[in-house]
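Colleague: Please take a close look at one part of this model for me: the contact between the two chains. Walk me through what surrounds that part as well.

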Amino acid sequence: MPPTMLPNAIAPISPLLRDRKFALVVAGTAGVQIALVSLSLPGWECPFFRVTGIPCPGCGLTRAVILLLKGDLQASLRFHAFAPIVLLTAVALILVLLLPRSITQPAISRLDRLEQQTGFTVIILVGLILYWLARLLFLQTAFVQLIRG
Amino acid sequence: MLGLLAMLVGIGCLICFIIVLIKLFQNEGALKGILGLICGLYTFIWGWMNSDRLGIRNIMMIWTLLIIIQLVLNFVFGVAMIPGYPPRPAPVVP
């Protein structure tokens, strides 16, 4: 292992992409959720927000992704700044499911190495938590009202 | 009455979510745990896919049942524990 490489625990995305069954269920459920919310039908609700009234770090992501898919980048970023990253991950999941293993496996291996060498997933997840804390501490009323709709 | 039921269902869902989330942190590490914290759906799917291995099948069944009850309450009665959530379309005024 090269000295720059960090433990495998910091690469959570590539194992997710490698497990096709899990990827299929995640992509399918996310698709159903996006369809339900787009049609203003009741879908998955955040259990944390429902009981406490405090948005969780992922609250608003579905609506932000829907707005992004509609091309409204500004409104999407207002809901959740990490929507483009989530959409990118969703696209990667769909590609993994659609493309043959001969193409996806080398790409996943490269992503795995990149995750381990740079730790970019850790940076994104920590960034997301900090973003949530900042919204909660400095923009709490606007944040809660935005999520409530 | 329905509001109270919605509240109890919501609390039940949260308890199941926390139990599965703890299992996720213990078995998959902090990063996937954070992923599960951000996306409850991920935790729910992971819980079902590992329910036999971790012996949480009953918890997953209870959680699923509670989600179905929650969906029915939302869809049929429009009951929401938090006022204004989930957002409802504004009534059409002539």
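Modeller: Start with a term: pLDDT is the predictor's confidence in each residue, on a scale from 0 to 100. We need it because this is a predicted model.

Chain A has an average pLDDT of 85. In that chain, 93% of the residues score at least 70. Compare its elements. Helix H4 of chain A, residues 61–69, has the highest mean pLDDT, 93. Helix H1 of chain A, residues 13–18, has the lowest, 80. Now look at residues 1–8 of chain A. There the pLDDT is below 50. Beyond near neighbours in sequence, this stretch has six contacts in the model.

Next, the contact itself. Chain A gives 29 residues, and chain B gives 29 residues. H2(B) gives the most, with six residues. Sort that side of chain B by class. You find 22 nonpolar residues, six polar and one charged.

In soluble globular proteins, nonpolar side chains tend to be buried together. Here, the largest nonpolar core holds 48 residues. Its largest share comes from H1(B), with nine residues. Ala83(A) and Cys13(B) touch the most other members.

Finish with Ala83(A). Leave out residues up to four places away in sequence. Ala83(A) then touches Leu61(A), Ala64(A), Val65(A), Leu68(A), Ser76(A) and Leu77(A).

Technical notes
Residues numbered from 1 in each chain as written. Chains lettered and ligands numbered in written order. Contact = placed C-beta atoms within 7 Å. Helix = DSSP H or I, 4+ residues; strand = E, 2+ residues; numbered from the N terminus. Nonpolar A, V, L, I, M, F, W, Y, C, P; charged D, E, K, R; others polar. Core = buried A, V, L, I, M, F, W, Y, C linked by C-beta atoms within 7 Å. Buried ≥ 20, exposed ≤ 12 C-beta atoms within 10 Å, placed from the backbone.
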